[in-house]
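Here is a short report for a first look at a protein model. Keep the structure in view while reading.

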Amino acid sequence: MSIDWAALGQVFGVTLAVTVGIVGLFTVGIVGTSRKPQPEGAAVAVAAPGAGARAGAVAAFALCAVAVAYGIFLIVAA
């Protein structure tokens, strides 16, 4: 039995890069939907994220969902 170490290294590298990318996108989505901190002495009202931040968060979550759906498609299609 022979192990193709170059192919194993490529699979590891691609898997690591895609995993870090998806986790990064998900983090961007969470940060985009988080509440902004209030300055000292501000009113009690809660500051919601801006429209641009929310749109970016939705786009990040959508890209995560597409990546997961593509992965499932690759597994099921085989």
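## Terms and basis

Contact, or packing, means heavy atoms within 4.5 Å. Helices (H or I, at least four residues) and strands (E, at least two) are DSSP runs, numbered from the N terminus.

This is a predicted model: local features need pLDDT of at least 70, side-chain atom pairs count only at pLDDT 80 or more, and totals for chains, interfaces and linings use all residues. Residues are numbered from 1 along each chain as its sequence is written, and side-chain values use heavy atoms, with hydrogens and water left out.

## Overall make-up

The protein chain has two helices and zero strands. Of its 78 residues, 8% are buried. Buried means under 20% relative accessible area, exposed over 50%, and partly exposed in between (1.4 Å probe, protein chains only).

The chain's accessible surface is about 6,100 Å². Carbon and sulfur atoms account for 76% of that surface. Accessible areas come from the Shrake-Rupley method with a 1.4 Å probe; for residues, only the protein chains shown count as cover.

## Helix α2

Helix α2 covers residues 51-77, 27 residues in total. From first C-alpha to last, α2 reaches 38 Å, close to the 39 Å expected at 1.5 Å a residue. That expected span is 1.5 Å times one less than the number of residues.

Which residues of α2 are buried? They are A57, A60 and C64. These buried residues pack against α1.

## G32 in helix α1

G32 is found in helix α1. G32 counts as buried because its relative accessibility is 9%. Not counting residues up to four places away in sequence, G32 touches P49, A53, R54 and A57.

G32 and G50 are 18 residues apart in sequence. In space they are 8.6 Å apart, C-alpha to C-alpha.

## A nonpolar patch

M1, I3, W5 and L8 make a nonpolar surface patch of about 570 Å². I3 lies in the segment before α1 (5-33). I3 is partly exposed, because its relative accessible area is 43%.

Patches are made of residues with over 30% relative accessible area and no salt bridge; like charges are joined within 9 Å, nonpolar side chains (Val, Leu, Ile, Met, Phe, Trp, Tyr) within 5 Å. A salt bridge is a side-chain nitrogen of Lys or Arg within 4 Å of a carboxyl oxygen of Asp or Glu.
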